[in-house]
Amino acid sequence: MRTPRLQDLALWAAVCVPPAAAALDPDGRTLTPLIAGVPSFAVATALGRARPLTALAVPVALTLALDARMLTPLYWTWAALALFGYLAGRRAESGRAALWFFAAVALSGLPLSAFVLRDLWGWPTQLLTLLLAVVLPWLAGRWHRQYAELVDTGWRLADRMEREQRAVADRARTRERARIAGDMHDSLGHDLTLLAVRAGVLELDPALDARQRDAVRELREAAAEATHRLREIIGVLREDDSLVPPREESVEGLVERARDSGIPVVVEQTSDTDGLPPMAALAVRRVLQEALTNAARHAPGATVRVRLVRDETAFGVRVVNDAAPAVSAPGRVPPGAGPGGSGLVGLDERVRFAGGTLRSGPTPAGGFEVRAEVPIAGRDGNPLVPESEEGRAGTHAAAGELALARRRVRRRLVEAAGVPVAVLAVIALIMIPLGFVGSSLSVLDRETYEGLRLGAPRDDVRSGLPVFTRDGPPDGAPVPPEGQDCLYYTVKNADRLAYRLCFREDRLVSKAVVP
């Protein structure tokens with residue numbers, strides 16, 4: 001809080017230096033700058049932070065009140081005009097209100113020049129003064145604000161990108177851990193099930209004594225319990241969203257290992273899985289693996305028929321097991337049987353993620369069927385690679401912010417370059433009609449000129465003169481006498497001549513025709 005107050009105090013002291021210097025000038029000592037400027041600039045400083053445009057209007061209005069051309073008091077108001085103009089551009093969020101304010105000040109110069117100064121050429125002077133003393137500092141403030149905003153936006157984007165990169169890395173680590181957990185669940189669960197099946201087959205071997213059967217039964221139950229615990233611990237972590245499948249055995253290897261464990265597998269039709277997209281190949285292996293595991297768990301001893309069909313657009317997998325045969329020993333748990341899980345639910349998600357469909361259900365003969373169809377390529381012929389929603393959202397957000405920043409830069413550059421050019425163009429266009437109007441409305445009749453008496457008061461003389469004066473003296477006219485204020489009027493039918501009327505202390509002291 002203390003720093004802004006000190007800054008405002010320093011600003012007020014800076015803008016009060018020119019009025020103080022003007023008041024102390026021995027050649028033109030006057031108290032007007034101190035009386036009018038110091039309190040006005042104090043008000044502008046107090047309003048500068050909350051209402052920067054209103055603060056700028058204070059020195060502008062003061063300058064206009066002292067001289068409609070904004071030229072005479074400029075020697076002690078220029079600091080206030082420039083500094084408050086710069087701060088208005090620097091502090092205001094929008095530049096539209098300032099542009100309307102500048103337009104209003106510029107338009108006010110025409111009636112002031114016409115009816116107060118009675119000199120139309122005071123209006124272009126006011127426009128140039130407004131442009132140089134106020135508008136250009138305001139544009140500098142706008143550029144500074146734009147630069148600060150761009151720097152701040154850049155730092156914010158860099159910080160956000162860093163945070164997003166950390167979040168992406170965390171998600172990647174989480175996905176990788178979940179993928180590893182899912183693969184352990186699928187592969188290790190399959191191996192434990194086959195272990196239980198083999199233990200169950202061995203348990204029914206008549207060559208074993210009671211002690212050996214009990215040991216084998218404990219082994220089978222331990223394998224089933226391990227499968228159940230594995231599903232509880234790892235199954236909940238499955239997130240099958242990895243694009244790179246782990247190195248696993250082939251489809252043929254899965255079938256041979258299932259046969260070795262005692263599952264009667266019949267391959268009715270097979271197709272090569274080489275060249276499949278990673279997600280499709282992984283989905284095919286998972287469907288076959290889960291179907292064989294379910295058959296071993298829920299229908300031990302039943303024949304399992306496998307059909308693998310590949311065409312130009314999709315790879316189909318069909319695994320059907322017959323009804324489970326009757327248990328030979330009453331009361332004995334079927335080999336490999338264990339608690340059910342959610343394998344088909346996760347398998348459906350795996351196939352859906354690869355772009356395919358999964359169907360499963362009992363057959364009319366009492367068995368169970370698992371059927372899946374996985375597309376080989378996307379619509380454009382490229383392998384299926386899912387696009388991350390977060391990646392799309394992040395890309396769209398970054399592109400939107402970049403486009404917004406570019407639009408702001410272009411708009412500010414147009415303001416910075418276009419406003420001065422537009423003002424100069426307007427001044428140039430204004431001077432053309434002003435030349436014609438000034439020439440026609442500043443003609444002094446010869447009779448009126450000859451009737452003017454030296455020593456007459458200024459007001460009496462001006463009452464009979466034309467409304468407007470001409471645009472300064474003709475080229476090559478003699479320098480006015482020192483200490484005299486001279487007005488020039490057009491001579492009818494003589495463009496290269498002018499009437500010169502000079503006043504001192506508000507009285508006409510000389511008149512002449514100057515070339």
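# Briefing: helix packing and sheet order in a predicted model

Thr 32, Ala 36, Gly 37, Ser 40, Phe 41, Ala 44 and Leu 47 of H2 meet Pro 52, Thr 54, Ala 55, Val 58, Pro 59, Leu 62 and Leu 66 of H3. This helix pair belongs to a predicted model of a protein with 13 helices and 9 strands. Of its 515 residues, 39% count as buried. Among contacts with a separation of 6 or more, 69% link residues 24 or more positions apart.

**Helices H2 and H3**

- The axes of H2 (residues 32-47) and H3 come within 7 Å, crossing at roughly 165 degrees.
- Angles over 145 degrees count as roughly antiparallel, and H2 and H3 are therefore roughly antiparallel to each other.
- The crossing in which H2 passes H3 is right-handed.
- In general, two packed helices are described by the angle between their axes and the distance between the axes.

**From H3 through Met 70 to H4**

- Met 70 is placed in the loop between helix H3 (52-66) and helix H4 (74-91).
- The phi of Met 70 is near 60 degrees, a positive value in a residue other than glycine.
- As a general rule, most residues other than glycine have a negative phi.
- Met 70 counts as buried because its relative accessibility is 0%, the cut-off for burial being under 20%.
- H4 comprises 18 residues and reaches 24 Å from its first C-alpha to its last, which is close to the 26 Å expected at 1.5 Å a residue.
- The buried residues of H4 include Trp 76, Leu 81, Phe 84 and Leu 87.

**Phe 101 in H5**

- Phe 101 is located in helix H5 (residues 96-117).
- With a relative accessibility of 18%, Phe 101 counts as buried.
- Once residues up to four places away in sequence are set aside, Phe 101 touches Leu 53, Leu 56, Ala 57 and Val 60.
- Phe 101 and Leu 53 are 48 residues apart along the chain, and their C-alpha atoms are separated by 8.4 Å.

**The five-stranded sheet**

- An open sheet is formed by 5 strands in the order S1-S2-S3-S5-S4, with mixed pairing.
- Its edge strands are strand S1 (265-269) and strand S4 (357-362), each of which pairs on one side only.
- From one strand to the next, the twist averages 15 degrees.
- Strands of a sheet pair through backbone hydrogen bonds, either parallel or antiparallel.
- S1 pairs with strand S2 (residues 304-310) in the parallel sense over 4 bridges.
- Within that pairing, Gln 269 stands opposite Arg 307 in S2.
- S4 pairs with strand S5 (residues 368-375) in the antiparallel sense over 6 bridges.
- Arg 359 has Arg 371 in S5 as its bridge partner.
- S4 and S5 form a hairpin with 5 residues between them, and Gly 366 in the turn has a positive phi of about 95 degrees.

**Helices H8 and H9**

- Helix H8 (residues 251-260) lies across S1 and S2 and runs at about 150 degrees to S1.
- The axes of H8 and H9 come within 10 Å and cross at roughly 10 degrees.
- Angles under 35 degrees count as roughly parallel, so H8 and H9 are roughly parallel to each other.
- Val 251, Leu 254, Val 255 and Ala 258 of H8 meet Val 284, Arg 285, Leu 288, Gln 289 and Leu 292 of H9.
- Ala 291 also lies in helix H9 (residues 278-298), and its relative accessible area of 5% makes it buried.
- Leaving aside neighbours within four places in sequence, Ala 291 is in contact with Val 319 and Val 370; S5 spans residues 368-375.
- Ala 291 and Val 320, 29 residues apart in sequence, are 8.2 Å apart in space from C-alpha to C-alpha.

**The loop between S8 and S9**

- Asp 506 is placed in the loop between strand S8 (494-504) and strand S9 (507-514).
- The phi of Asp 506 is near 60 degrees, a positive value in a residue other than glycine.

How values were computed
Residues are numbered from 1 along each chain as its sequence is written. This is a predicted model: local features need pLDDT of at least 70, side-chain atom pairs count only at pLDDT 80 or more; totals for chains, interfaces and linings use all residues. Side-chain values use heavy atoms; hydrogens and water are left out. Helices (H or I, at least four residues) and strands (E, at least two) are DSSP runs, numbered from the N terminus. Buried means under 20% relative accessible area, exposed over 50%, partly exposed in between (1.4 Å probe, protein chains only). Two strands pair if DSSP finds at least two bridges between them. Axes are lines fitted to C-alpha atoms, for helices over the stretch in contact, and angles run from 0 to 180 degrees between N-to-C directions. Contact means heavy atoms within 4.5 Å. The expected span of a helix is 1.5 Å times one less than its number of residues. Angles under 35 degrees count as roughly parallel, over 145 as roughly antiparallel, 65 to 115 as roughly perpendicular and the rest as oblique. A crossing is left-handed if the near helix is turned anticlockwise from the far one by less than a right angle, and right-handed if clockwise.
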